Amino acid sequence: MAQDGNSGRELAAADQSDHGQERVGSPGTAVVTSDRVTDPGLPEHRKRVTDLDPKKNKRAERVVYTLFYLSIAGSVFAIAAYMAWPINPEDLMSVRANNLFIGLGLTLALMGIGIGAVHWGKALMADHEGVDLRHPVRGTDATRERAVEIFAEANEESGFGRRALIRNSLIGALIAFPLPAVVLFRGLAPEGENPVDLLNETAWEKGTRLARDPSGQPIKASEVTLGSVFHVIPEGLGDMPHMLEEKAKAIVLLMRLKPEDLVELPERKNWSYDGIVAYSKVCTHVGCPVALYEQQTHHLLCPCHQSQFDVTNHCAVIFGPAARPLPQLPIAIDDEGYLIAQSDFHEPVGPSFWERH
Amino acid sequence: MAKKSGGLTAGAANYLDERTSISAVVKEFGRKIFPDHWSFLLGEVALYSFVVILLSGSFLTFFFQASMAEVHYDGSYVPLKGVAMSAAMSSTLDISFDIRGGLLMRQVHHWAALLFVASIGLHMLRIFFTGAFRKPRELNWVIGFVLFILAMAEGFTGYSLPDDLLSGNGLRIIDGMIKGFPIVGTWISFLLFGGEFPGTDIVGRLYTLHILLLPALVVAFIALHLVFVVVHKHTQFPGAGRTQQNVVGYPVLPVYAAKAGGFFFIVFGVIMLMATFFTINPIWNYGPYDPSPVSAGTQPDWYIGFADGALRLVPPHLEFMLFDHTFSFNILIPVGILGLFILTVLIYPFIEAWVTGDKREHHILDRPRNAPTRTAIGAAGVTFYAALWAAASSDIIATHFMVTMEGVIHTLQFCLIVGPFIAYFITKRICLGLQKKDREIVLHGFESGRIVRLPGGEYIEVHEPVDEYERWELVSYEDYKPLMIRPNSRGKITTTQRVRGSLSRWFFEDRIAPTTKNEIERSHGDH
Ligand code: FES
């Protein structure tokens with residue numbers, strides 16, 4: 001039998017209720033047996049060293065208030081650090097010092113309170129365990145009956161069940177009234193634009209020069225040496241009104257391979273220039289920039305989910321979750337020797353979408 | 001007492017009570033009992049880190065500008081001086097480099113957010129493996145689960161706000177995934193971004209979600225969650241004197257309040273310490289968002305990893321043209337599998353309740369070994385999640401261990417499919433083994449480590465009997481038998497019955513019954 005001066009009465013009550021009995025509801029497939037080992041009841045309360053030894057008790061008290069004082073010191077230090085280690089725009093290290101010393105002060109302030117309070121609770125506050133009795137979560141039968149009655153009365157008084165026309169029309173109205181909110185959300189994107197049209201075109205046009213990303217310098221075919229790779233944007237991109245949106249679609253990779261390494265479809269024979277090929281840099285999986293080029297294998301690797309594309313074979317997918325080859329940009333050179341686009345891409349770039357065909 | 005002291009405190013208390021009836025609240029809750037166990041602290045960590053998130057986040061809102069308007073950076077961080085970027089990025093840099101303590105608060109906010117999601121996850125594991133989700137707490141499991149999803153949404157929206165290279169790339173991935181959805185995808189992406197990706201609206205919109213809508217929901221659900229904790233009273237681990245009808249522990253005032261209150265400051269302190277010493281999300285290294293630069297080896301925050309991993313593990317070429325439309329199964333399958341996984345976790349309590357048919361309230365927790373099948377299912381789920389999560393770092397694994405990308409992906413695909421089964425069987429064996437061991441200890445005592453030599457010359461180890469308190473912990477668990485399928489009143493065995501029967505067999509076929517009084521008595525006779 002448990003000994004507990006604090007709440008002995010409750011404990012006695014708890015011990016009478018044998019484990020497993022008095023529980024409402026079906027046990028289902030649980031095995032209920034009378035052959036269970038009996039619960040010995042709460043073990044005897046053990047005293048802590050701080051209860052037995054006044055010296056230890058005093059010591060614990062000292063520890064607790066010292067921690068609280070340390071916390072005050074930490075707060076003061078944090079304020080002082082705010083002033084003593086200001087940020088000096090000339091010196092990046094000052095940011096680090098500012099962060100470090102304010103942080104240390106605050107850490108001390110917080111930890112002092114935290115550890116102090118927990119220690120106080122553990123070592124000094126009365127540690128007698130208490131016992132609360134549980135009651136079934138469900139309301140008592142009387143309460144439930146009354147609840148049912150209330151609903152019945154309300155139903156009777158309002159005629160909610162009886163007056164079917166009123167009820168049903170109300171339900172209809174309640175369903176209809178939020179619908180206007182749905183159309184309001186059309187305003188989230190500009191009107192008069194269709195995403196499908198937008199996805200089908202990029203900033204590339206016939207004659208647009210290929211320029212370096214990000215400088216915007218046009219590229220001469222002669223500069224593209226064997227094995228090199230250029231990150232390319234259309235010339236004049238920087239001045240376009242929706243620069244980032246255009247860039248997100250128009251980025252291109254330019255590589256020069258040995259012409260004999262390229263396996264080219266007959267209809268795309270003239271899309272390259274002397275072994276120089278241009279492909280969309282937007283991954284056909286979910287749209288990351290595909291920009292890791294392995295010179296040896298002529299593979300492009302997408303850093304996001306590791307799809308790999310074979311440049312020698314029209315950027316066909318050779319590994320990873322992407323399904324479609326990277327779209328090719330047909331290129332040529334102008335009279336000054338600069339690389340230009342023959343046209344826009346012949347298919348939408350980037351991730352697949354429903355209306356794509 | 002109050003009458004006698006009659007001082008300021010008593011006066012104030014009286015003033016308040018006459019206007020609020022607060023004494024009733026104190027009477028009701030002041031000495032409410034809370035049981036003590038370290039694993040009960042996980043939920044507290046989640047709660048407290050959320051408070052820290054609210055505090056540090058409010059500070060950040062005073063400085064952050066949720067705008068994608070283009071500015072030229074003109075702050076203290078020299079390498080980015082003059083670079084074109086959004087006001088969001090620029091103000092985040094200002095918080096980091098020009099406001100004293102700003103970087104600290106940013107890092108507190110980010111670390112607290114990581115801790116928030118992590119502690120919710122661990123808390124859920126604790127609930128799962130101890131069976132705390134059983135009646136009457138099934139709905140609170142659902143509420144907690146919603147909180148987990150909300151926490152991830154909060155994390156992702158927050159991660160996207162600075163408009164740096166990484167967060168922009170994360171949004172790009174979201175955009176691509178949304179576009180992969182049949183019929184509505186293209187339009188949802190178009191509306192979400194206010195036009196084409198990236199547009200100039202998304203940061204402002206995510207900001208509204210991040211600081212208004214989602215936190216309001218989180219607060220509401222936390223409140224609901226805690227109301228139910230009070231209504232149900234906390235569960236307790238098995239132990240002598242702890243029954244289904246009582247709760248043994250410490251009263252709110254003073255001990256529990258001191259410990260829990262102190263613990264809040266400790267959690268806050270630990271977060272502060274991390275923010276002091278460990279840089280998190282150094283956006284200045286990434287630079288502003290630009291659709292073009294490469295970012296190899298970059299990672300989403302850890303809790304998004306499992307989704308990212310799912311995208312990586314899908315087999316190639318799963319996209320088809322049908323009826324003039326594109327079906328992106330390379331996106332739909334991972335999303336579908338994640339959805340299914342999440343749904344299973346969500347409804348697990350109801351499945352188990354249906355299988356056992358147990359309609360009683362359960363306030364005593366299971367030791368995981370005493371519910372071997374559940375524990376094994378949990379281990380399988382954890383393995384599945386871990387494989388997805390590891391896949392999010394597949395490139396790092398490949399470069400770090402100098403193995404091929406293909407090798408890593410194929411290994412992880414194997415782990416994803418076969419791993420859960422292996423984990424299931426191993427865990428179940430371990431649980432049953434531990435149960436057998438418990439039984440052994442109850443019947444024959446534990447090995448004392450003391451070897452004695454018998455007169456005959458042989459050596460034996462002395463077994464000491466366990467005391468009755470320890471014994472109670474070992475034997476007091478719920479035990480279920482497989483369901484016997486019986487025909488219903490019309491003499492028919494329904495399909496539901498059959499399914500329930502086979503699930504029940506799967507759950508409880510291998511069972512080790514708790515040692516009974518009789519068995520103990522008999523074993524004493526043997527000695
Ligand atoms: S975005 Fe390129 S593999 Fe996913």
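Me: Which residue of chain B forms a salt bridge with A:Glu129?
Reply: B:Arg242 does, with the closest N and O atoms 3.8 Å apart. A salt bridge here is a side-chain nitrogen of Lys or Arg within 4 Å of a carboxyl oxygen of Asp or Glu. This is a predicted model, where local features need pLDDT of at least 70, side-chain atom pairs count only at pLDDT 80 or more, and totals for chains, interfaces and linings use all residues. Residues are numbered from 1 along each chain as its sequence is written, chains are lettered from A and ligands numbered from 1 in the order in which they are written, and side-chain values use heavy atoms, with hydrogens and water left out.

Me: How many salt bridges between chain B and chain A?
Reply: The count is 5.

Me: And residue pairs in polar contact, how many?
Reply: 46 across that interface, both residues at pLDDT 80 or more. A polar contact is a pair of N or O atoms within 3.5 Å; within protein, one must be able to donate a hydrogen and the other to accept it, and residues adjacent in sequence count only if both atoms are side-chain atoms.

Me: Which helix gives the most to chain B's side?
Reply: Helix H11 of chain B, residues 252–277, with 16 residues touching chain A. Helices (H or I, at least four residues) and strands (E, at least two) are DSSP runs, numbered from the N terminus.

Me: How many residues does the contact take from each chain?
Reply: 133 from chain B and 113 from chain A, contact meaning heavy atoms within 4.5 Å.

Me: Which strands of the two chains pair?
Reply: Strand E1 of chain A (residues 130–133) pairs with strand E4 of chain B (residues 246–251), antiparallel, over 4 bridges. Pairing requires that DSSP finds at least two bridges between the strands. A:Gly130 stands opposite B:Gly249 in E4(B).

Me: Now chain A's open sheet. What is the strand order?
Reply: E6-E7-E8-E9, 4 strands with antiparallel pairing. E6 (292–294) and E9 (316–319) are at the edges with a single partner strand each, so one side of each has no neighbour in the sheet.

Me: Last one, chain B. How many residues lie between E7(B) and E8(B)?
Reply: 5, and the two strands form a hairpin. In its turn, B:Gly457 has a positive phi of about 105°. E7(B) covers residues 446–453 and E8(B) residues 459–464, paired antiparallel over 5 bridges. B:Glu447 has B:His463 as its bridge partner.
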